[in-house]
Amino acid sequence: MDKIIKYFPNITDKQKEQFEALNNLYRDWNSKINVISRKDIDNLYEHHVLHSLAIAKAISFRPGTRILDFGTGGGFPGVPLAIMFPEAEFKLIDGTGKKIRVAQEVANAIGLTNCHPAHLRAEDEKGLYDFVVSRAVMPLPDLVKISQKNIRKEQQNSMPNGFIVLKGGELQAELAPFRHIVDVTEISNWFDEPWFKEKFVIYLAGKR
């Protein structure tokens, strides 16, 4: 939790309480439904919460922004982002029902009214959103192919509507189809923990 305060010192007392509550909630639910590796649960804040919040360093979503979290699993990056941006709306989808249950129960427990988990395949999502976010769900070309239909035309943020995804490792081949139009930012520009080396926020405008 100290790392959240370190990089986001201006969060409200309510946001601090919500972030603090994630530890016990995810530990409890993870003992019933495995959404985080057992050996990684002790790294919840660095590897999952803070990692998700790298998107909040790339963009500050304006009030009323609609975001689709594609393949959210147990709620990442959607739950931390919904805490950080209480005036934006987040829909979290995943094809695995038990994982969505965890995201829903966590959101309910901390009073996260702008977070709407749904057991749904991305191919079946019909809504329109300003941004689609995800965390290492599938190769970017596949994600774009499936979710391009969900990017709305009307703009209201500092960046054009599109895709913001968290990726790691060697990305040259995956990003090759977009090499002239994709924006790649090293997360270590914002967070100094060694774990964030070779991890990136990838941004791609939706309508090209």
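Me: Leaving aside its neighbours within four places in sequence, which residues is His47 in contact with?
Reply: This is a predicted model. In it, His47 is in contact with Asp40, Arg135 and Trp195, its neighbours within four places in sequence left aside.

Me: Which of those have a polar contact with the His47 side chain?
Reply: The side chain of Asp40 has one, at 2.8 Å. The side chain of Trp195 has another, at 3.4 Å.

Me: Where does His47 sit, and is His47 buried or exposed?
Reply: His47 is in helix 3, which covers residues 44-58. His47 has a relative accessible area of 12%. The cut-off for buried is under 20%, so His47 counts as buried.

Me: New topic: the largest pocket. How much space is in there?
Reply: About 190 Å³.

Me: What lines the largest pocket?
Reply: There are 13 lining residues. Val35, Thr72, Gly73, Gly74 and Arg135 lie nearest the centre. By class, the lining has 7 polar, 3 nonpolar and 3 charged residues.

Me: On to helix 6. Which residues are buried there?
Reply: In helix 6, residues 140-147, the buried ones are Leu140, Leu143, Val144, Ile146 and Ser147.

Me: Why are they on the same side of helix 6?
Reply: Because they cover an arc of only 165° around the axis. In general, an α-helix has 3.6 residues a turn, so residues three or four places apart point the same way.

Me: And what covers the buried residues of helix 6?
Reply: The cover includes strand 1 (66-70), strand 4 (131-135), strand 5 (162-168), strand 6 (182-186) and strand 7 (199-205). Helix 7 (172-175) is also part of the cover.

Conventions
Residues numbered from 1 in each chain as written. Predicted model: local features only at pLDDT ≥ 70, side-chain atom pairs only at ≥ 80, totals over all residues. Heavy atoms only, no water. 1 Å grid on protein atoms, 1.4 Å probe; cavity = no way out; pocket = protein on both sides within 12 Å on 5 of 7 lines; lining within 4 Å. Points joined across faces, edges and corners; volume = space filled by probe spheres on them. Nonpolar A, V, L, I, M, F, W, Y, C, P; charged D, E, K, R; others polar. Helix = DSSP H or I, 4+ residues; strand = E, 2+ residues; numbered from the N terminus. Buried < 20%, exposed > 50% of the residue type's maximum accessible area, 1.4 Å probe, protein only. Polar contact = N/O pair within 3.5 Å; in protein donor to acceptor, adjacent residues only side chain to side chain. Contact = heavy atoms within 4.5 Å. Arc of directions from axis to C-beta.
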